[in-house]
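Subject: Structure for your files

Hello,

Please find the structure below. My notes on what was found in it follow.

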Amino acid sequence: MEADAWQWIWLVATGVFVLGEIAMAGSFFLLPFGVGAAIATVLAFAGAGEGWQWAAFLVASLSAL
């Protein structure tokens, strides 16, 4: 998959997680994944490699959980 595609995949994932959290108010289950995806989005747009994006997503999501 092209590197530019990951920028948009992470951006859409961020939106899905955050909107899913809003739709299920009070659960706070999807928000940590939204935070992780947002950080991965920033890294993707900054030009970081795919491995760094996934690592940041996993670390941030687990930390926020």
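**Contacts and ring pairs**

Leaving aside residues up to four places away in sequence, W6 touches M1, A44, E50, Q53 and W54, where contact means heavy atoms within 4.5 Å. The model is predicted, so local features need pLDDT of at least 70 and side-chain atom pairs count only at pLDDT 80 or more, while totals for chains, interfaces and linings use all residues. Residues are numbered from 1 along each chain as its sequence is written, and side-chain values use heavy atoms, with hydrogens and water left out.

Rings of Phe, Tyr and Trp (its six-membered ring) pair if their centres lie within 6.5 Å; planes under 30 degrees apart count as stacked, over 60 as edge-to-face and the rest as tilted. The count under this rule is eight aromatic pairs. W6 and W54 form an edge-to-face pair, because their ring centres are 5.8 Å apart and their planes stand at 80°. Since W6 lies in helix α1 (residues 3-23) and W54 in helix α3 (residues 50-64), the pair ties together parts that are 48 residues apart in sequence. Helices here are DSSP runs (H or I, at least four residues), numbered from the N terminus.

W6 is buried at 12% relative accessible area, whereas W54 is partly exposed at 35%. The cut-offs are under 20% for buried, over 50% for exposed and in between for partly exposed (1.4 Å probe, protein chains only). The rings of F29 and F33 are also edge-to-face, with centres 5.7 Å apart and planes at 65°; F33 is partly exposed at 23%. Ring pairs also link W6, W10, W54 and F57 into a cluster.

The largest nonpolar core has seven residues: W6, W10, A13, A37, A40, A44 and F57. Helices α1 and α2 (31-46) each supply at least two residues of this core. Such a core is a set of buried Ala, Val, Leu, Ile, Met, Phe, Trp, Tyr and Cys residues joined through side-chain atoms within 4.5 Å.

In α3, the buried residues include Q53, A56, F57, A60 and S61. They cover an arc of only 120° around the axis, so they sit on the same side of α3; the arc is taken from the directions from the helix axis to the C-beta atoms. On the face turned away from the buried side, α3 carries the exposed residues G51, W52, V59, L62 and S63.

Q7, in helix α1, is buried at 14% relative accessibility.

Regards
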